Amino acid sequence: MDRRQSLKLIATGAIASGALVAGCATDDKKDKKTDAPAADKPEFTTDRSPEEAEFERALKAKGAFFTPHEMATITVLADIIIPRDNVSGSASEAGVPAFMDFIVQDMPQHQTPMRGGLRWMDTQSIKRFGKNFVDCTPAERITLVDLIAYPEREHLKKDKKLAPGVAFFSLMRNLTVTGFYTSEIGVKDLGYAGNRPNQWNGVPADVLQQYNVSYTEKEIKECVQFTDNNG
Amino acid sequence: MGDVQVKKQPKKYDVVIVGSGAGGGMAAYTLANAGLEVCMIEAGPMYDPQKNITQLKNPWDSPRRGASTKFRPFGDFDACYWGWSIDGEPYTKKEGTQFDWWRARMLGGRTNHWGRISLRFGPKDFKRRSIDGLGEDWPIGYDDIKPYYDRVDKLIGVFGTNEGLENDPDGIFLPPPRPRLHELFLKKGATEAGVRVIPSRLSILTQKLNEDRGVCFFCGQCNRNCSMAKADFSSPNVLIYPALKTGKLTVLANSMAREVLTNNEGLATGVSYVSKEDMQEYQVEGRVVILAASACESARLLLNSTSTRHENGLANNSNVVGKYLHDSTGAALGGFIPTLFGRKRYNEDGVGGAHIYSPWWLDNRKLDFPRGYHIEYWGGMGQPSYGFNWGIEKMNGKYPVNGQQKEAGGYGASLKEDNRFFWGASVGMAGRGEAIPVDSNYCEIDPSVVDKYGIPVLRFNFKWSENEIRQARHMKQTFKEIMHNMGAVITWGGDDDASNNYGLSKPGEIIHEAGTVRMGNDPKRSALNKYSQAHDCKNLFCVDGGQFVSQADKNITWTILALSMRASEYIIEEMKKQNL
């Protein structure tokens, strides 16, 4: 396709550009604090500048942000979002609840949405089942979760009162997913194969074939090629 | 509080250098190896990539999973200390204008985390005024700097390919790595759009260069600095620690320069600084003073160094210091390649940065903006970090997962499947373009604000012009076309229009600021001569981005290194002739 033709398609909106994953807008502004029960406080094991080390000492000196009840609710919800399956363990097995307590202190903008959202869950749960969310049966929990877990469902367009729950569950889902897939269990689940010394010889042949792409003569001639296995 | 007493360093040096990044590191390396006694002042702490390690860490080694902080705006594993805002060191902006000023505070500065994009300026880049009537010509041409580029290539190492392009000169290159899978898609999409794609030119060692450094092992983490193999260029690994081995270099870390000292003849005699360790005032003397503190910090130092001989600030009879400030333009866009959903896993970390790029390919005489840009690309199966699959509820209802149409959002084993399915398909690109330096874009001393050391701070006054906005518009059109040609879906950066300058980056955001202490043949219109030497003070030099007349559509580090090597050798020659 030539440039003119392709620009025309762009102009007529033939190319979808709806906002899907907002790749840039995830790295929220942050500022402070530390982590939960003193026993499972995560440690920084990377280089720290002097000011940073000082900041993180102060962060660590703070206690947990979430109450034990809130942590119990987070644990139940996180394991609904990321349960154990035939590939890997659950969110709680991957330490997601402790990550949550740390991250809301490091990024205070998450504190009120999380605390308020957890309270919203309990209020709705009491209204419907006469007890807090964690005290509900698994079936009762899922009944409530299903009301807010699918942001495009029809009933949400009519029942605007559920909107805070939808917003909370999306945040909870995002934090759980991020916490899980950046844990050891989650990275393994994903199959990320990097972060280790190796020698890059290009895309594997079967993958080139799968996508019907190939290297040019020029690339094969010019690019570095490793023939030994000592790296 | 007790009296402030000034302590003098007892040793008198041949050369005092302020700053330890690319310019300062190269000056220290060149001068110390020539046998001169060199003192380097650095505002941040000592940093040794061999001990201060973030490389090969896993995401869970950071409790915030690699998220950014004010201490590390590029993420918790990035090797650069500080960024656009530093506690206790403010800067201000004139109302209605923008500028975000990145400041590293550590030995080696930004070279510890930079993109290693090592592009020579071409012959046209030194003579833009002669071509389009805008800005100013440099007092030197490509032939003047070429021998130094060649030597920097050989000393530091850079991979790339000789393409015989007129304004993207050939170099002395190591072999580049083969493109990754998404880069083959990008190459196809760009080529169909008439955009040339060639192997990247990055200062990363794909082959052995010398006994001091190893070879790249493809972890893709150059922004963490190569602690393990010293296979990428950073000033500490490649210049400063080797220079320290000569025994001729002294580094004074945690030392914030206050002003350049001068004598009755108006010559530089040394530098005064405050030690962050004891908050005492010090002075260090040198026969020559070299500023390499970064473009704006060097301008600030000069403007703060007033005396009866230099009432307007040092080296500023021309009144150009602080003016002609400019940064690269930037605009970006991204999304994913649906055919890559559910792709096979393998290690494609590669080098830190893209294996391909697009140098400027068009003729500005046929366009509605005067200067070019190059395109940088990214994507693929990178290491997960904070923000991973954020917003998946906006993805998993739109695209069938393993053939099954699902509802947006959800949870459970099905959500785990979605996360695996979508990972590794992302792709993006960004333009880095040349802005026109103008005297109305400048930094100056704010008359009423000081930092915590009592040093008057900079006030910025900067606005983009239509030249840069139209360039950003062209970038976005080009990127959309490339994405379309490769069958990719745009998820962000696709909706920009005139209301937001087509997504043009804020000034300072690309961190290529330059031009504030520019060189030139006319002392009335420039601060430095063609050897980076102050017109008004012959034993004062500036070897950072400040000296640039214009910065091309090329990242400026390689040119800083070449100019600093050239200025340093000029200093050695002038000292031999007893002119300094």
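Two residues are in contact if their C-beta atoms, placed from the backbone, lie within 7 Å. With that in hand, the buried residues of helix 4 of chain B can be said to pack against helix 10 (205-210) of chain A, and also against strand 10 (356-358), strand 11 (373-379), strand 12 (426-433) and helix 8 of chain B. This is a predicted model, and its scores are ipTM 0.95 and pTM 0.93. The points below cover confidence, the interface, chain A, and then the helices and sheets of chain B.

**Confidence**

- Chain B has a mean pLDDT of 97, with 99% of its residues at 70 or more.
- For chain A the mean pLDDT is 85, and 80% of its residues reach 70 or more.
- Residues 1-39 of chain A have a pLDDT below 50, and in the model this stretch has 87 contacts beyond near neighbours in sequence.

**Where the chains meet**

- On the chain B side, 89 residues are in contact with 75 residues of chain A.
- Helix 4 (181-192), helix 7 (413-422), helix 8 (466-485) and strand 15 (489-492) of chain B are the elements that each give two or more residues to the side touching chain A.
- Sorted by class, that side of chain B holds 37 nonpolar, 31 polar and 21 charged residues.

**Chain A**

- Chain A is built from 11 helices and zero strands.
- Of its 231 residues, 35% count as buried.
- Among the contacts in chain A with a separation of 6 or more, 63% are between residues 24 or more positions apart.

- Thr182(A) sits in the loop between helix 8 (163-181) and helix 9 (184-190) of chain A.
- A residue is buried if 20 or more other C-beta atoms lie within 10 Å of its own. Thr182(A) has 27 other C-beta atoms within 10 Å, so Thr182(A) is buried.
- Neighbours within four places in sequence aside, Thr182(A) is in contact with Pro59(B), Trp60(B), Arg65(B), Pro384(B), Ser385(B), Tyr386(B) and Phe388(B).
- Thr182(A) and Ser92(A) are 90 residues apart along the chain, and their C-alpha atoms are separated by 13 Å.

**Helix 4 of chain B**

- Helix 4 of chain B has 12 residues, which at 1.5 Å a residue should span 16 Å; the end C-alpha atoms are 17 Å apart, in agreement with that expectation. The expected span is 1.5 Å times one less than the number of residues.
- Nine of the 12 residues of helix 4 of chain B are buried, so the helix is mostly covered.
- The buried residues include Leu181(B), Leu184(B), Phe185(B) and Leu186(B), and also Glu183(B) and Lys187(B).
- After helix 4 of chain B comes Gly194(B), with a positive phi near 80°.

**The six-stranded sheet of chain B**

- Six strands of chain B form an open sheet with antiparallel pairing, in the order 4-10-11-12-9-15.
- Strand 4 (198-199) and strand 15 of chain B are at the edges; each has a single partner strand, so one side of each is left without a neighbour in the sheet.
- Two bridges pair strand 10 of chain B with strand 11 of chain B in the antiparallel sense. Ser358(B) has Ile375(B), in strand 11 of chain B, as its bridge partner.
- Helix 4 of chain B packs on this sheet, where it touches strand 10, strand 11 and strand 12 of chain B, and its direction makes about 20° with that of strand 10 of chain B.
- Helix 8 of chain B lies across strand 9 (329-336), strand 11, strand 12 and strand 15 of chain B, at about 20° to strand 9 of chain B.

**The three-stranded sheet of chain B**

- Three strands of chain B make an open sheet in the order 3-14-13, with mixed pairing.
- Strand 3 (92-93) and strand 13 (442-450) of chain B are the edge strands, and each pairs on one side only.
- Strand 13 of chain B runs antiparallel to strand 14 (residues 456-461) of chain B, and five bridges join the two. One of the residue pairs is Tyr442(B) with Asn461(B), which lies in strand 14 of chain B.
- The two strands form a hairpin with five residues between them, and Gly454(B) in the turn has a positive phi of about 80°.
- Helix 6 (residues 295-304) of chain B lies across strand 13 and strand 14 of chain B, running at about 60° to strand 13 of chain B.

Key
Residues numbered from 1 in each chain as written. Chains lettered and ligands numbered in written order. Predicted model: local features only at pLDDT ≥ 70, side-chain atom pairs only at ≥ 80, totals over all residues. Helix = DSSP H or I, 4+ residues; strand = E, 2+ residues; numbered from the N terminus. Nonpolar A, V, L, I, M, F, W, Y, C, P; charged D, E, K, R; others polar. pLDDT = per-residue confidence, 0-100. Pairing = 2+ DSSP bridges. Axes fitted to C-alpha atoms, helices over the stretch in contact; angles between N-to-C directions.
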